[in-house]
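Hi,

Here is the structure I promised to pass on. Have a look at it first, and my notes follow below.

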Amino acid sequence: MEKYRCIALDLDGTLLADDGSLSPASRRTLEEAMASGVHVVVASGRAFSTLPSCITSIPGIEYAITSNGAAVYRMPGAECLCVHKLKTEAVKRVLEIAGRELEQPLYEAFIDGCAYAPADYVEHPERYGLTGRSASYVQSTRKPCADFAAFLEAHMGELDSLDLVFQDQSEKKRIWEILERETEHIYITASVPRLLEISDELSGKAQALSYVLDRLGLTARQAAAFGNADNDADMLRFAGLGIAVENATEQCRKAADRVVESNNEEGAAREIRRLLALP
């Protein structure tokens, strides 16, 4: 059996339970994996500053792939090692198309590891169809901007990524197809149904994991990757072993070599123990 030296883990919906928590058993598994010499790499669509404390407080995690691979950080010290900013012309084109095709486009923006959104969306997420944990997540992770159009104009060349927020999935699919057809130098994916996530063409969790593995002196065959969403699919295909949790999207499951128990059943941690033969 292949000896895996690196474990790349998506967080929300994969390692973390639906309530955003990390179980004590899952934390112990990560700690034991690292103690055995395996590198644990966070691989998230989140901006760096919004990574949960239940993860950032674990000693030994060296690298965090963030913003769907647009930025890679060294966890101790929050040092940004690699970042691919969206090209200004690409941002202008996305804004032009969204303005043309949508009555009131709603955006989020990631800049230097921080997440920003319109003030009304942050303060009243229920107006935009968000409830429960989705609403509290937005309120706890997004910095509100009173004039978001002016904010985007002022930071046009600084964006790690740009999200479009949707309530209608058919509209999201339509805009996705138009953006892919009419915009160059972008990478588009989705971590949750409400978001269409846009970053530079050099982004993607697979590209970022390749960068981390090069730094570690490891090959893709020595990595196992875990995910649950469309934005994990490229990473699961790239890694020597791609593992989807039971609650994964169809695209993620198709990219995986195997499917394990759901995030609420500690599926990722259980599979890590099996792969590494941890007692």
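To start with the sheet: in what order do the strands of the open sheet of six strands come? The order is β8-β7-β6-β9-β11-β10, and the pairing is mixed. Strands here are DSSP E runs of at least two residues, helices are H or I runs of at least four, and both are numbered from the N terminus. Two strands pair if DSSP finds at least two bridges between them. β8 (142-145) and β10 are at the edges with a single partner strand each, so one side of each has no neighbour in the sheet. On average, neighbouring strands in this sheet are turned by 25 degrees against each other, ignoring direction.

Before going on, a word on where this comes from: it's a predicted model, in which local features need pLDDT of at least 70 and side-chain atom pairs count only at pLDDT 80 or more, while totals for chains, interfaces and linings use all residues. Residues are numbered from 1 along each chain as its sequence is written, and side-chain values use heavy atoms, with hydrogens and water left out.

β7 (residues 114-118) runs parallel to β8, and four bridges join them. Tyr116 is opposite Lys143 in β8. Helix α5 (residues 132-141) packs on the sheet and touches β6 (107-111), β7 and β8, with its direction at about 70 degrees to that of β8. For touching, I count contact as heavy atoms within 4.5 Å; axes are lines fitted to C-alpha atoms, for helices over the stretch in contact, and angles run from 0 to 180 degrees between N-to-C directions.

A hairpin of five residues joins the two strands, and Ile186 has Asp200 as its bridge partner in β11. In a regular strand, side chains alternate between the two faces of the sheet. (Buried means under 20% relative accessible area, exposed over 50%, partly exposed in between, with a 1.4 Å probe and protein chains only.) Helix α7 (residues 169-182) lies across β9 (161-165), β10 and β11, at about 15 degrees to β11.

Next, the aromatics. Rings of Phe, Tyr and Trp (its six-membered ring) pair if their centres lie within 6.5 Å; planes under 30 degrees apart are stacked, over 60 edge-to-face, and the rest tilted. That gives four aromatic pairs. Phe48 and Tyr73 have ring centres 4.2 Å apart and planes at 15 degrees, so they are stacked. Phe48 is in the loop between β2 (39-43) and α2 (53-56) and Tyr73 in β4 (residues 71-74), so to speak a link between distant parts of the chain, 25 residues apart. Both are buried. Phe148 and Phe151 are stacked too, because their centres are 5.5 Å apart and their planes at 25 degrees. They sit three residues apart in helix α6 (residues 148-154), about one helical turn, and both are buried.

Finally, the whole chain. It has 11 helices and 14 strands, and 56% of its 279 residues are buried. The C-alpha atoms fill a box of roughly 55 × 35 × 35 Å along the principal axes.

Cheers
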